[in-house]
Amino acid sequence: MEENILDCVIVGSGPSGFTAAIYAARADLKPELYTGLEPGGQLTTTTEVDNFPGYPDGVTGPQMMMDLQKQAERFETKVHYEMITKAEFSPEVGGVHKIWAGNKEILAKSVIISTGATAKYLGLDDEKKYMGGGVSACATCDGFFYKGKDVIVVGGGDTAAEEATYLAKLTNKVTILVRKDHFRASKAMIHRVSNTPNIEVKFNHELIGIEGENNLVERGVVLNNLTNETFTIDVHGIFIAIGHKPNTEIFAGQINLGENGYINTIPGSTKTNLPGVFAAGDVQDSHYRQAITAAGSGCMAAMDAEKYLGELQ
């Protein structure tokens, strides 16, 4: 049975998963990586990535993920295009963790969770149509493309306020659409929005459609939910800022999660509450959510796993 127990299994792809694989493979842990339903993660929905070091001319999200995967496979990482559907983690040091891809049972001494987080969207068909053509869920990633232009931010919480104040430095005008008659954001963030002259806040307004030619955003269709009046706002970019949902459902009840569903890791490490189980990338980071920070924590997770396995011998 022993030969069927893997040293390291990585659940999820994206910058954290593939970086973990590169480091784990180079440490001779012979990692096997399960990509999940969206190989490459959130970045595969991003057209241009301009802020990842080492790509002076920028790179598309899908191309960057292919590059990372090739690098992981160069060191003999096995990549499985399957989704992990269930997990049973051992609470013992040196215990064997069980995970399943459908009916296939996988046994591992260490597991790195890098399942990421999924941006929440409104559910409009137009969001899919204009994704990468003006619709985004990340101002830090995509704000640069809207220099001097007008944009809409949808949302009423801290995420929306943060995205709007960031975009206000780059763009001509930011219109925030808040569905209710008040912000849910913290007082500090509301104060920052109020003191930014090129932000206009429209309470009781909702985005109900997007218009444009050649799949490029030109207008947002807006509903005033008090008067039922609809109108359009001319913009080039629409940022949906209603939060993210970490992909942690199958680990709930075993791994310690924060109130928001993100995995709690021991500060300064990628260790979870269970020995031999580590978490990297957006699944444990509700704050930065960048490709480069995800990649950095993937490196940390592989090194933490290597140290853990080394101490078992």
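Let me begin with strands E10 and E17, residues 237-240 in the case of E17, which in this predicted model pair in the parallel sense over two bridges, with Val135 standing opposite Ile238 of E17. This pairing belongs to an open sheet of five strands, whose order is E10-E17-E11-E12-E13 and whose pairing is parallel. Strands E10 (135-136) and E13 (199-203) stand at the edges and have a single partner strand each, so one side of each is left without a neighbour in the sheet. Helix H5, residues 158-168, packs on this sheet, where it touches E11, E12, E13 and E17, and its direction makes about 170° with that of E11.

Let me turn now to a pair of helices. Two packed helices are described by the angle between their axes and the distance between the axes. For H1 (residues 14-26) and H7 (residues 291-312), the axes come within 7 Å and cross at roughly 35°, and the crossing is right-handed. On the H1 side the residues that meet H7 include Pro15, Thr19 and Tyr23, while those they meet in H7 include Ala291, Gly298 and Met303. By class, this contact has ten nonpolar residues, four polar ones and no charged ones.

What of H7 by itself, and how far apart are its end C-alpha atoms? They are 32 Å apart, which agrees with the 32 Å that its 22 residues should span at 1.5 Å a residue. Among the buried residues of H7 are Ala294, Cys299, Asp304 and Tyr308, and what covers the buried residues of this helix includes strand E1, H1, helix H2, strand E8 and strand E19.

Key. Residues numbered from 1 in each chain as written. Predicted model: local features only at pLDDT ≥ 70, side-chain atom pairs only at ≥ 80, totals over all residues. Heavy atoms only, no water. Axes fitted to C-alpha atoms, helices over the stretch in contact; angles between N-to-C directions. Helix = DSSP H or I, 4+ residues; strand = E, 2+ residues; numbered from the N terminus. Left-handed = near helix turned anticlockwise from the far one by under 90°. Contact = heavy atoms within 4.5 Å. Nonpolar A, V, L, I, M, F, W, Y, C, P; charged D, E, K, R; others polar. Pairing = 2+ DSSP bridges. Expected span 1.5 Å × (residues − 1). Buried < 20%, exposed > 50% of the residue type's maximum accessible area, 1.4 Å probe, protein only.
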